[in-house]
Amino acid sequence: MENKRIRIFDTTLRDGEQAPGASLNPEEKIRIAKQLARLGVDTIEPGFPISSPGDFHAVQQISRELQTVEICGFARSIKADIDAAVRATQDAAQRRLHLFLSSSDIHLDFQLRKSRQQVVEMARTMVAYAKSRVDRIEFSPMDATRTGEEFLFEVLEAVIAEGATILNIPDTVGYAMPEEYGRMFRRVREGVRGGENVEYSAHCHNDLGLAVANSLSAIAAGVTHVEVTVNGVGERAGNCSLEELVMAIETRKETMGVETGIVTQEIFNTSRMISRIMHFPIAFNKPIVGRNAFQHEAGIHQDGLLKNRNTYEIMDPEKLGIPRSMIILGKHSGRHALKHRVTQFGIDLNTEELEELYIRFKAKADEQKVVTDDQLMELVGSTADGQKEAYTLVQMQVVSSSDRSRMASVTIRNNQTGEEHIYSATGDGPIEAIVNSLKQAIPMPVEFSDMELQSLSTGEKATGEAEVTITVNGQMYKNSSIDQDVLLAVAKAFVSACNQAVRVQKTAVLTKSATS
Ligand code: KIV
Ligand code: ZN
């Protein structure tokens with residue numbers, strides 16, 4: 001039997017943007033919307049047109065530029081909101097309007113200060129008004145999961161009668177339990193007049209960590225649209241995470257009998273892009289897109305994985321566009337993993353050298369939680385002669401001041417010639433100054449593509465970890481370093497990434513000359 005198609009409705013740019021500190025300007029929204037289209041979402045809710053001229057412009061521009069995706073105009077059940085949403089989405093090739101109105105007593109009494117009768121009337125007249133302008137109308141009774149069934153049914157019957165064809169029943173405050181949420185859809189479909197003729201949509205918040213479970217339960221109950229955000233961003237604990245929901249469906253599609261149109265290869269890129277633009281960091285242990293999601297430190301796990309990745313992995317990270325680097329070297333790692341890692345760097349050690357490296361590595365791993373690649377390469381350098389890194393950062397100085405550009409100077413040793421040279425440069429910030437001086441030292445077309453800084457401990461002796469990604473001739477290299485001085489950690493990670501690029505390019509030249 002064919003899998004049923006679940007439509008992914010992305011509200012990263014509307015509900016997701018409501019996360020504290022995550023607001024976006026129109027250009028950023030347009031960039032993200034284009035990436036969401038590449039990701040293969042079915043519907044994009046790009047903002048709240050009445051809320052600001054910037055949001056109106058973003059929704060309008062996205063409607064004009066993205067003609068292959070359905071665009072949703074969001075509005076309170078108020079004429080002015082509906083008018084703005086209609087105008088903003090005017091040029092979309094496919095569109096729907098999404099109206100919402102609170103239905104729980106607590107919202108009616110304290111927020112709307114309206115009676116149930118007034119609310120039903122408002123929902124009825126506004127859906128009728130919206131329907132006269134746009135054919136496809138979605139209606140959300142806000143705080144539905146804390147609304148008594150009788151009144152919920154009354155509101156839903158009224159909006160169906162006026163032409164709403166998609167009922168989105170939100171768990172606004174993340175209160176529902178999976179079984180309860182699924183049952184609610186079944187009861188609505190059976191109990192509401194006209195309920196069997198409309199489409200259903202789930203919209204879950206993650207206050208109890210149940211947003212994905214609740215959405216899956218809704219799907220099992222027959223819902224065909226799910227509202228999600230990338231990285232689960234959103235108010236408070238966020239919304240149902242797109243990548244988690246999609247990968248649960250993808251990984252267990254035989255069990256669920258459903259599928260989505262998401263291009264999984266684009267998941268990682270999209271997640272990183274949104275995290276960066278929204279300044280919204282991703283927890284290390286976040287499923288699917290967190291840095292540790294496909295990394296293994298325990299020796300037993302590493303050994304099993306190197307023999308067959310299915311021993312400890314249920315998804316292939318490469319199918320999600322995640323560069324495979326599953327081995328994290330730490331005190332639990334064994335010889336097998338260590339050998340695998342140095343081989344990945346193109347370094348071939350004999351048994352004795354490996355043993356010597358292993359002893360030094362264990363000593364280092366005991367000192368700190370993780371042994372980074374640059375530290376591993378330092379250990380390799382002092383283990384196997386002739387396999388040293390191309391460049392070593394010998395010294396670094398940075399001058400920072402609040403009222404002028406920053407200055408950095410670095411001493412770099414070219415390990416092939418043994419020569420040391422000093423290079424200096426300025427930049428708007430100290431990192432730019434460091435990178436500019438290192439670029440002079442390393443004669444390659446290096447582009448500084450990305451950087452992540454994390455604090456690894458607390459207190460005055462805290463250390464920082466820098467993860468730097470560079471691009472050389474279209475190829476990305478990533479490396480990390482840990483130091484109490486975060487600027488030094490950035491510089492070391494940058495030099496290590498360059499060394500990795502030199503090594504890979506040298507190996508490519510050797511392989512080419514051996515085969516020609
Ligand atoms: O959480 C919620 O209730 C919403 C609605 C307005 C759909 O975001
Ligand atoms: Zn919401």
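The zinc ion (ligand 2) is coordinated by D15 through OD and by H203 and H205 through NE2, at 2.0 to 2.1 Å. The model that holds this site is predicted. Along the chain, the donors of the zinc ion (ligand 2) follow the spacing D-x187-H-x1-H. H203 counts as buried because its relative accessible area of 4% falls under the 20% cut-off. H205 is also buried, with a relative accessible area of 4%.

A residue in a loop can be described in the same terms. G330 sits in the loop between α12 (299-307) and α13 (335-344). G330 is buried, at 0% relative accessibility. Leaving out residues up to four places away in sequence, G330 touches E297, F361, A365 and K369. Between the C-alpha atoms of G330 and E447 there are 30 Å, and these two residues are 117 residues apart along the chain.

The relative accessible areas of these residues are listed below.

| Residue | Relative accessible area | Class |
|---|---|---|
| H203 | 4% | buried |
| H205 | 4% | buried |
| G330 | 0% | buried |

The protein chain as a whole contains 17 helices and 16 strands. Its C-alpha atoms fill a box of roughly 85 × 55 × 55 Å along the principal axes. Of its 516 residues, 52% count as buried. Among contacts in the protein chain with a separation of 6 or more, 64% join residues 24 or more positions apart. The accessible surface of the protein chain is about 23,600 Å², and carbon and sulfur atoms account for 50% of that surface. The protein chain carries 57 positive and 70 negative side chains, with the centres of the two sets 1 Å apart.

Terms used
Residues are numbered from 1 along each chain as its sequence is written. Chains are lettered from A and ligands numbered from 1 in the order in which they are written. This is a predicted model: local features need pLDDT of at least 70, side-chain atom pairs count only at pLDDT 80 or more; totals for chains, interfaces and linings use all residues. Side-chain values use heavy atoms; hydrogens and water are left out. Donors are N, O and S atoms within 2.8 Å of the metal (3.2 Å for Na, K and Ca); water is not among the atoms, so sites may look incomplete. Buried means under 20% relative accessible area, exposed over 50%, partly exposed in between (1.4 Å probe, protein chains only). Helices (H or I, at least four residues) and strands (E, at least two) are DSSP runs, numbered from the N terminus. Contact means heavy atoms within 4.5 Å. Accessible areas come from the Shrake-Rupley method with a 1.4 Å probe; for residues, only the protein chains shown count as cover. Lys and Arg count as positive and Asp and Glu as negative; His and the chain ends are not counted. The place of a charge is taken as NZ of Lys, CZ of Arg, CG of Asp or CD of Glu.
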